[in-house]
Each structure stands twice: as C-alpha cells, then as structure tokens.
Amino acid sequence: MISVIFDLDGTLVDSEPNYYESGRRTLARHGVPDFTWEQHARFIGIGTLETLEILRERYRIDAPVEQLLAEQNAAYLELARTGTEAFPEMRKFMERLHAEGIPMAVASGSSREAIDAVLAGTGLDGLLTTVVSAEEVAHGKPAPDVFLEAARRLGAAPADCVVVEDAAPGALAAHAAGMSCVAIPYVPATAHDPAFTGAGLLFRGGQRDFSAEAAYDWLCEHPAA
C-alpha cells in the first residue's frame, strides 16, 4: 500500500510568517535588528536548528545555538497557537486520504513541540498519528533521515512512500530517500529549481494551483516511486 509523508510548514500550513517573525525577534534580541523576509526566504525548507547555526556564525552571535533555538521556539509557539491556518485544499486532500485508509505521517524540520502545537491548533492531528521531527534524527533536510524514519514508523518501504513538499531541500531529501515527490513550491519563483525537476507531480504555481483531486488522481495512477 502507498503511504504519504507530508512536510508541515509551507505544505500543510502557512506557518512561514510565524517562523519569520519569531526568528526576527530572536535575532533582534541578539543585536541583529534588520533581518528581512527576503533573507528568511533563503532558509525555507531548512530546519530551525540548522538555520540558526548558519545565522549565528554569519552574524557572530555569542549566545549558544541551544539558547537561540529555545528563544525562537518560545516565540514561535506563542504565535503558532493563536494564528496558524491549514491550506484548505491540502486539508481536503488529507481528509480524502484518511477516508480511504491511506497511511500518513508528518516529517518536519520543526521541533516536536511546535509540530504538535500546530497540528492540534488546526485539527490536523485528528487525521494522522505518526509525526517525526528533525530533532529525532541525525541530520535534517536535505538529508533523507526524517523521511526514512517516518517510513520506518509507518512500516512502509521507502519506494512505497510519496512525499508532499513545498521546498527544494525537502524535494532533495525525498529523492535521497528513494521516494516519489509531489511538489508545491511555497515560493512559486523557485519552481524551476533543479531540486523540483525530479518531482513526480509539480504544481508550479504553489498552493494557488494545488488541487486535492488532481493530487489524489495522480497518487492512484503512480502507486510507487
């Protein structure tokens, strides 16, 4: 049986504005007052820890990365609990898969606490029970670890899994895991990124082009990687 593994941020929910704001607040607290959305966008698809490691070195921040991560997670959770929306067409897709008994998981670069808060706040936790955070594996995306661990927990072979992703690092991770990929670029301008060329199904316009029906039909026609 096919299994579907979803990225969370930018794929199931529009959480990037919250990640940007929590990161901006954290950096400002440590002497970086002018972090822009354009700078943030370069890290979409990369885990929070990996992002902060890069930014800490770039801006020569003295605080340990563990402290920065704790501060950003706290700020993000405050924002996430009050204002995270699931993409309507993606919710419809998940509901269809759930009704058909297709196993699903979330595999995300976010912290487990953040994932759980977002899933609970949007009600998506009622559609799946398997969740993997990059904190639980050795390497975050674009390494395949988080997707391989999700497949293991689902009891599925990687070749029988389809990943749904919005970012190039996640598409690369899916390919490295030996999984098919449905790509919905969060930043439509990145649709021509070579990472997306191997996607089995690509919605070039991002969420505005995504169709639950089209994705489900493709899934039925392409049951394996």
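A cavity here is a set of points, on a 1 Å grid over the protein atoms alone, where a 1.4 Å probe fits but cannot get out, and its lining residues are those with an atom within 4 Å of a point. The model is a predicted one, so local features need pLDDT of at least 70 and side-chain atom pairs count only at pLDDT 80 or more, while totals for chains, interfaces and linings use all residues. Residues are numbered from 1 along each chain as its sequence is written, and side-chain values use heavy atoms, with hydrogens and water left out.

The chain splits into domain 1 (3-14 + 84-221) and domain 2 (15-81), with bounds that come from an automatic or database domain assignment. Taken over C-alpha atoms, the domain centres sit 23 Å apart. Domain 1 puts 20 residues into the contact and domain 2 puts in 17 residues, contact being heavy atoms within 4.5 Å.

So what lies between the two? The largest cavity does, because both domain 1 and domain 2 give residues to its lining. The search turned up one cavity of 30 Å³ or more. The largest cavity holds about 300 Å³ of space, a volume being the space filled by probe spheres set on the points, with grid points joined across faces, edges and corners. Its lining runs to 27 residues, and E16, Y19, F43, I46 and T48 lie nearest the centre. The elements that give two or more residues to this lining are α1 (16-29) and α3 (48-58); α1 gives the most, with six residues. Helices (H or I, at least four residues) and strands (E, at least two) are DSSP runs numbered from the N terminus. By type, the lining has ten nonpolar, ten polar and seven charged residues, where Ala, Val, Leu, Ile, Met, Phe, Trp, Tyr, Cys and Pro count as nonpolar, Asp, Glu, Lys and Arg as charged, and the others, Gly among them, as polar.

Then there is helix α9 (residues 212-221), whose buried residues are A212, A215, Y216, W218 and L219. Buried means under 20% relative accessible area, exposed over 50%, and partly exposed in between (1.4 Å probe, protein chains only). These buried residues fall within an arc of 160° seen down the axis of α9, so they line one face of the helix; the arc is that of the directions from the helix axis to the C-beta atoms. E213 and E221, on the other side of α9, are exposed. The cover over the buried residues includes β1 (3-6), α5 (88-99), β4 (161-165), β5 (180-183) and β6 (201-202).

Notes. 1 Å grid on protein atoms, 1.4 Å probe; cavity = no way out; pocket = protein on both sides within 12 Å on 5 of 7 lines; lining within 4 Å.
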